[in-house]
Amino acid sequence: MFCAYAQAADSIQGYPASDEQKYQQALSLYKQNKPDESLSILENLYHTRPEVSRYLYDFVAIASWSDKHELAVSEAPIN
């Protein structure tokens with residue numbers, strides 16, 4: 001869905017970015033009023049590392065805060 005931005009976040013200064021670096025970048029982008037870029041990175045993270053629940057929960061939160069409610073609900077872990 002938002003893969004173009006996730007690919008851009010894959011490296012920092014020519015080195016592969018760690019998951020934590022990507023996560024922090026996603027949070028920073030949201031704070032810079034760039035929710036689509038943030039969501040792209042978080043979506044990539046939670047699909048590649050589903051065991052790290054904060055990636056999914058932050059994706060859902062940022063989608064909701066950005067008035068992307070349908071996206072937030074569609075990805076929310078509802079039991």
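Reader: Which residues of the largest nonpolar core touch the most other members?

Author: They are L39, L42, L45, Y55 and F59, out of 17 residues in that core. A nonpolar core is a set of buried Ala, Val, Leu, Ile, Met, Phe, Trp, Tyr and Cys residues joined through side-chain atoms within 4.5 Å. The model is predicted: local features need pLDDT of at least 70 and side-chain atom pairs pLDDT 80 or more, while totals for chains, interfaces and linings use all residues. Residues are numbered from 1 along each chain as its sequence is written, and side-chain values use heavy atoms, leaving out hydrogens and water.

Reader: Which helices each supply at least two residues of this core?

Author: Helices α2, α3, α4 and α5 do. Helix α4 gives the most, with 6 residues. In soluble globular proteins, nonpolar side chains tend to be buried together.

Reader: What makes a stretch count as a helix or a strand, and how many of each are there?

Author: Both are DSSP runs numbered from the N terminus: a helix is H or I over at least four residues, a strand is E over at least two. The protein has 5 helices and 2 strands, in the order α-β-β-α-α-α-α along the sequence.

Reader: Why is L71 called buried?

Author: Buried means under 20% relative accessible area, exposed means over 50%, and partly exposed lies in between, with a 1.4 Å probe and protein chains only. L71 has 13% relative accessibility, so L71 counts as buried. This residue is found in helix α5, residues 69–75. L71 and V60 are 11 residues apart in sequence, and their C-alpha atoms are 7.7 Å apart in space. Of the 79 residues of the protein, 35% count as buried.

Reader: How do you know that R49 and D19 form a salt bridge?

Author: A salt bridge needs a side-chain nitrogen of Lys or Arg within 4 Å of a carboxyl oxygen of Asp or Glu. For R49 and D19 the N to O distance is 2.5 Å, and the pair is counted as a salt bridge. The pair links distant parts of the chain, 30 residues apart: R49 is in the loop between α3 (35–48) and α4 (53–65), and D19 is in helix α2 (residues 19–31). By this rule the count comes to 4 salt bridges.

Reader: Why are R49 and D19 called partly exposed?

Author: R49 has 30% relative accessibility, so R49 counts as partly exposed. D19 has 21%, so D19 also counts as partly exposed.

Reader: What makes E20 and R54 a salt bridge, and which helices hold them?

Author: Their closest N and O atoms are 2.5 Å apart, and the two residues form a salt bridge. E20 lies in helix α2 and R54 in helix α4, so the pair ties together parts 34 residues apart in sequence. E20, with a relative accessible area of 35%, is partly exposed. R54 is partly exposed too, with 34%.

Reader: Why is E51 called exposed, and which residue does E51 pair with?

Author: E51 has a relative accessible area of 55%, so E51 is exposed. The side chain of E51 meets that of R49 in a salt bridge, 2.6 Å from N to O. Salt bridges that share partners join D19, R49 and E51 into one network.
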